[in-house]
Amino acid sequence: MQRPPLDAETLRRTVAEQPDLSFFSRIDVVESTGSTNADLIAQAVDPESDHRVLVAEYQDRGRGRHERSWVSPPRAQVAMSILVRLGGIDPARLGWLPLLTGVAVVDAIRATAGLDANLKWPNDVLIGGRKVAGILAEVASGAGAPAVVVGVGLNVSLTEDELPVPHAISLDLAGAEKVDRTELVLSLLRSFAGYFTRWRTENWDVTELAAAYRARCVTLGAEVRAELPGGDVITGVATDVDGYGRLIIGDRTVSAGDVTHLRPA
């Protein structure tokens with residue numbers, strides 16, 4: 001299968017020249033690395049590092065939530081991380097950053113690939129109930145303004161035989177007529193920058209962001225099973241997310257766990 005490389009020069013030039021991407025201070029593209037998240041976490045020790053983007057054609061130690069591996073053949077996905085500092089935010093609201101990123105990924109897929117992508121709480125991106133993208137946010141520094149690295153792994157051209165698990169999917173398998181990964185990266189960055197800038201301008205108030213998230217989250221209204229970190233399991237209808245991005249199931253509030261949709265909304 002022919003998998004063209006990302007157009008690194010177009011990415012750098014577009015980020016540098018277009019006003020709606022001036023949010024980002026720099027973008028780097030590397031052929032391979034262990035983990036784009038780990039690389040940007042290492043760069044975060046520099047207090048001047050902010051709004052940086054790193055994209056890898058291949059990563060051999062990519063991670064998802066709960067330290068699950070996230071791997072794919074070279075040039076078959078978008079593997080990207082973004083470093084941001086969130087000055088003045090209530091640390092309890094940092095959990096909204098990966099949810100914001102999920103909204104940005106959904107919007108980029110809809111706009112660029114023309115596919116009906118949605119979110120499963122907290123930030124898995126689904127097409128037809130199958131996972132096409134995962135998101136991992138990690139706090140990079142506790143000094144000064146919180147520095148957070150948020151990573152995205154988006155399956156683009158994986159075949160059925162290359163999928164990591166049966167419930168995964170790629171944009172190609174979902175029927176995207178054509179997906180240019182360079183265009184997809186730029187679309188995702190534009191969406192992320194727009195949502196983040198508005199969130200920061202609103203002094204980290206989540207009213208607008210939460211409305212955007214709810215409109216894209218198919219977990220809400222569905223009957224779900226949640227396996228919690230301590231081993232507890234709860235089932236019920238997921239009714240909402242609260243002001244901290246936690247899922248409300250019946251009279252319980254879930255801040256972390258694996259959620260399975262038992263019946264769709």
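This is a predicted model: local features need pLDDT of at least 70, side-chain atom pairs count only at pLDDT 80 or more; totals for chains, interfaces and linings use all residues.
Q: At what angle do helix 3 and helix 4 pack?
A: Helix 3, residues 96-113, and helix 4, residues 181-201, pack at an angle of about 135 degrees. Their axes are 8 Å apart.

Q: How are the two helices oriented to each other, then?
A: Angles of 65 to 115 degrees count as roughly perpendicular and those over 145 as roughly antiparallel, so helix 3 and helix 4 are oblique to each other.

Q: Is the crossing left-handed or right-handed?
A: The crossing of helix 3 and helix 4 is right-handed.

Q: Which residues meet there?
A: From helix 3, the residues include Trp96, Leu97, Leu100, Val103 and Ala104. On the helix 4 side, Leu184, Leu188, Phe192, Tyr195 and Trp199 are among them.

Q: What is the make-up of that contact by class?
A: The contact of helix 3 with helix 4 has 14 nonpolar, four polar and two charged residues.

Q: Changing topic: how many cavities of 30 Å³ or more does the structure hold?
A: The structure holds one such cavity. About 50 Å³ of space lies in the largest cavity.

Q: Which residues line the largest cavity?
A: The lining consists of Tyr195, Arg198, Trp199, Glu202, Asp205, Glu208 and Leu209. Two elements give two or more residues to this lining, namely helix 4 and helix 5 (207-216).

Q: Which element gives the largest share?
A: Helix 4 does, with three residues. Tyr195 and Trp199 of the lining also belong to the helix 4 side of the contact with helix 3.

Q: And the lining by class?
A: The lining of the largest cavity has three nonpolar, no polar and four charged residues.

Terms used:
Residues are numbered from 1 along each chain as its sequence is written. Side-chain values use heavy atoms; hydrogens and water are left out. Axes are lines fitted to C-alpha atoms, for helices over the stretch in contact, and angles run from 0 to 180 degrees between N-to-C directions. Helices (H or I, at least four residues) and strands (E, at least two) are DSSP runs, numbered from the N terminus. Angles under 35 degrees count as roughly parallel, over 145 as roughly antiparallel, 65 to 115 as roughly perpendicular and the rest as oblique. A crossing is left-handed if the near helix is turned anticlockwise from the far one by less than a right angle, and right-handed if clockwise. Contact means heavy atoms within 4.5 Å. Ala, Val, Leu, Ile, Met, Phe, Trp, Tyr, Cys and Pro count as nonpolar, Asp, Glu, Lys and Arg as charged, and the others, Gly among them, as polar. On a 1 Å grid over the protein atoms alone, a cavity is a set of points where a 1.4 Å probe fits but cannot get out, and a pocket is an open set with protein on both sides within 12 Å along at least five of seven lines; lining residues have an atom within 4 Å of a point. Grid points are joined across faces, edges and corners, and a volume is the space filled by probe spheres set on the points.
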